[in-house]
Amino acid sequence: LELEARAESAQILLAPQWNATVSGSGKLGLRDRRIAINGRFVLDEGRYDLGNQTRPELGDDVIIRPAAGKPAERASTLPAQLDVSIDLNNRLALRGNGLDALLGGTVRVRSQATGLAATGSVRAVRGTYRIFNQTLD
């Protein structure tokens, strides 16, 4: 079984802090009880809002212990092979906590024997960072 999909300005994320529109193609296959997902995509438009507040932290006197009881059973899963890359196309806007930047680069996510691995490079195409009442380019 093999399914192929092509996207042209497909909106894949839409949430208050996220949005992403991509173009490209990918394949989903099933052979010998193994799932394979491959794809190459380009970001047409993307935004991630970090917010403007620092995240709360627990005090030093707080200790978190796991719940008592027997450990959860692992669900049986089909082995999966993943190889997906996305070109940020200098179109990922990252804003919040004083940062206002446009990012570019390419990221490739692949499955390996030890789990998922992401390789590539992400760079700031342009941007500013506001800290201590100063704006840095």
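One definition before the details: buried means under 20% relative accessible area, exposed means over 50%, and partly exposed is in between, with a 1.4 Å probe and protein chains only. This is a predicted model, in which local features need pLDDT of at least 70 and side-chain atom pairs count only at pLDDT 80 or more, while totals for chains, interfaces and linings use all residues. Residues are numbered from 1 along each chain as its sequence is written, and side-chain values use heavy atoms, with hydrogens and water left out.

Salt bridges, then. The term means a side-chain nitrogen of Lys or Arg within 4 Å of a carboxyl oxygen of Asp or Glu. Searching the whole structure gives five of them. In one, Lys 27 meets Glu 2, with the closest N and O atoms 4.0 Å apart. Lys 27 is in strand 2 and Glu 2 in strand 1, so this pair ties together parts that are 25 residues apart in sequence. Strands here are DSSP runs (E, at least two residues), numbered from the N terminus. Lys 27 is partly exposed, at 38% relative accessible area, and Glu 2 is exposed, at 53%.

Next, Arg 108 and Asp 83: their closest N and O atoms are 2.7 Å apart. Arg 108 sits in strand 6 and Asp 83 in strand 4 (residues 80-87). Is Asp 83 buried or exposed? At 10% relative accessibility, Asp 83 counts as buried, whereas Arg 108, at 31%, is partly exposed. Both belong to a salt-bridge network that includes Arg 40.

Now strand 5, residues 92-96, where four of the five residues are buried. Strands count as paired if DSSP finds at least two bridges between them. Strand 5 runs parallel to strand 3, with four bridges, and Arg 95 is the bridge partner of Asp 49. With strand 6 (residues 99-112), strand 5 is antiparallel, over five bridges. The hairpin of strands 5 and 6 has two residues between the strands, and Asn 97 there has a positive phi near 50 degrees. Arg 95 also makes a salt bridge to Asp 100, at 3.1 Å from N to O.

Last, aromatics. Rings of Phe, Tyr and Trp (its six-membered ring) pair if their centres lie within 6.5 Å; planes under 30 degrees apart are stacked, over 60 edge-to-face, and the rest tilted. The whole structure has one such pair. The ring centres of Trp 18 and Tyr 48 are 4.5 Å apart and the planes are at 55 degrees, so the pair is tilted.
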